Amino acid sequence: MTGTAPVPFTADDYKARMDRAARQAADAGLAGLLVAPGPDLVWLTGYAPPAVTERLTLLVLAAGREPVLVVPTLEAPDAEKATGAPALVLRDWTDGKDPYALTAALLDAQGRFGVSDNAWALHLLGLQKTLPGTSYVSLTEALPMLRAVKDAAELERLAAAGAAADAAFEEIRNVRFSGRRESEVAADLAALLRRFGHSQVDFTIVASGPNGANPHHEAGDRRIERGDMVVLDFGGLRDGYGSDTSRTVHVGEPTEEERRVHDLVREAQEAGFRAVRPGAACQHVDRAARAVIADAGYGEYFIHRTGHGIGVTTHEPPYMIEGEEQPLVPGMCFSVEPGVYLPGRFGVRIEDIVTVTEDGGRRLNDTERGMVTVD
């Protein structure tokens, strides 16, 4: 089962995104945006170079000007095929020519520019050398909410990715855990994500027993035993949009303490979800979930933020963390994933992707959040 294909994005969709990005840059006091290959370029133009190399590829956006994509000549045919190509101008350069001089002609020589976070230092330093009067700021710092508010088509893709991850969990809970290595269960999870339509698997955390106290444990050779709590955290990209969900299962019957901690995390996750509403600050979600765990005496064992945004990448702004005062807006999507991690013993994490609605929030994951036992 892979589901139906989503409605494709059009050249008009990409034009609207580029126009909006240019306007937001101008509103932020920037002369424009410089977007290197990566998720921002895909989101803005639909173009992903066949390979990311030392040759400069750069989208130049500025309010009141046509978008320009600077590309190596040998990759221009691929760029011309991108869905967003009709909405921009292609400027190609051949080996032996100076791509920074070509790009400099498009820029304000004294301007301050937002630069995509994954731009190579090689290229940024090349531009600075050619235009020493320019300055730069990362896109995450300058326009953290650029991709944060999703439109209806993006929400549809995120919902489909969430449903696919849920289907993978429903299957994995029926496989055998005891006696198998974490890496074997992780491989099962990756195969299930692909079976349910994922083109890319970003992570399959399987953290059993004491390994569960490490939130980002890499699945390894430890054999899962009866009596283990097992944290499952997995996700990737389906039709270009992310999934990310966590459930904690138990091999055989849990102890009273294990059940109590699991119930506590479930209660905290519910509190975080219920805190989602338009106008509330991101930190409000973190505070709501964290208060439940702290009040129960486990506050020191909740060692990460409550959530992160998700879209064309599995981690992106906004972040549900103390100090983040960005108001929630309908269309934002992010995780709500409190956890408790008891060193040397076990961990519990429960995670859903949530989107902000006009009057609250809607979960994009809906598998069992109560204690699930496996064999």
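Student: Which residue's side chain meets that of Arg 349 in a salt bridge?

Tutor: Let me say at the start that this is a predicted model, in which local features need pLDDT of at least 70 and side-chain atom pairs count only at pLDDT 80 or more, while totals for chains, interfaces and linings use all residues. Residues are numbered from 1 along each chain as its sequence is written, and side-chain values use heavy atoms, with hydrogens and water left out. The general idea is that side chains of opposite charge can pair when their charged atoms come close. A salt bridge here is a side-chain nitrogen of Lys or Arg within 4 Å of a carboxyl oxygen of Asp or Glu. In this structure the side chain of Arg 349 meets that of Glu 337, at 3.8 Å from N to O. Arg 349 lies in strand S15 (residues 346-349) and Glu 337 in the loop between strand S13 (333-336) and strand S14 (339-342), so the pair ties together parts that are 12 residues apart in sequence. Helices (H or I, at least four residues) and strands (E, at least two) are DSSP runs, numbered from the N terminus.

Student: Is Arg 349 buried or exposed?

Tutor: Buried means under 20% relative accessible area, exposed over 50%, and partly exposed in between, with a 1.4 Å probe and protein chains only. Arg 349 has 2% relative accessibility and therefore counts as buried, and Glu 337, at 9%, counts as buried too.

Student: How many salt bridges does the rule give?

Tutor: The count comes to 23. One of them joins the side chains of Asp 40 and Arg 147, at 2.4 Å from N to O. Asp 40 lies in helix H2 (residues 39-45) and Arg 147 in the loop between helix H6 (139-142) and helix H7 (152-172), so this pair ties together parts that are 107 residues apart in sequence. Both Asp 40 and Arg 147 are buried.

Student: Where do Arg 290 and Asp 286 both lie?

Tutor: An α-helix has 3.6 residues a turn, so residues three or four places apart point the same way. Arg 290 and Asp 286 both lie in helix H10, four residues apart, about one turn of the helix, and they form a salt bridge whose closest N and O atoms are 2.8 Å apart. Arg 290 is partly exposed because its relative accessibility is 23%, whereas Asp 286, at 3%, is buried.
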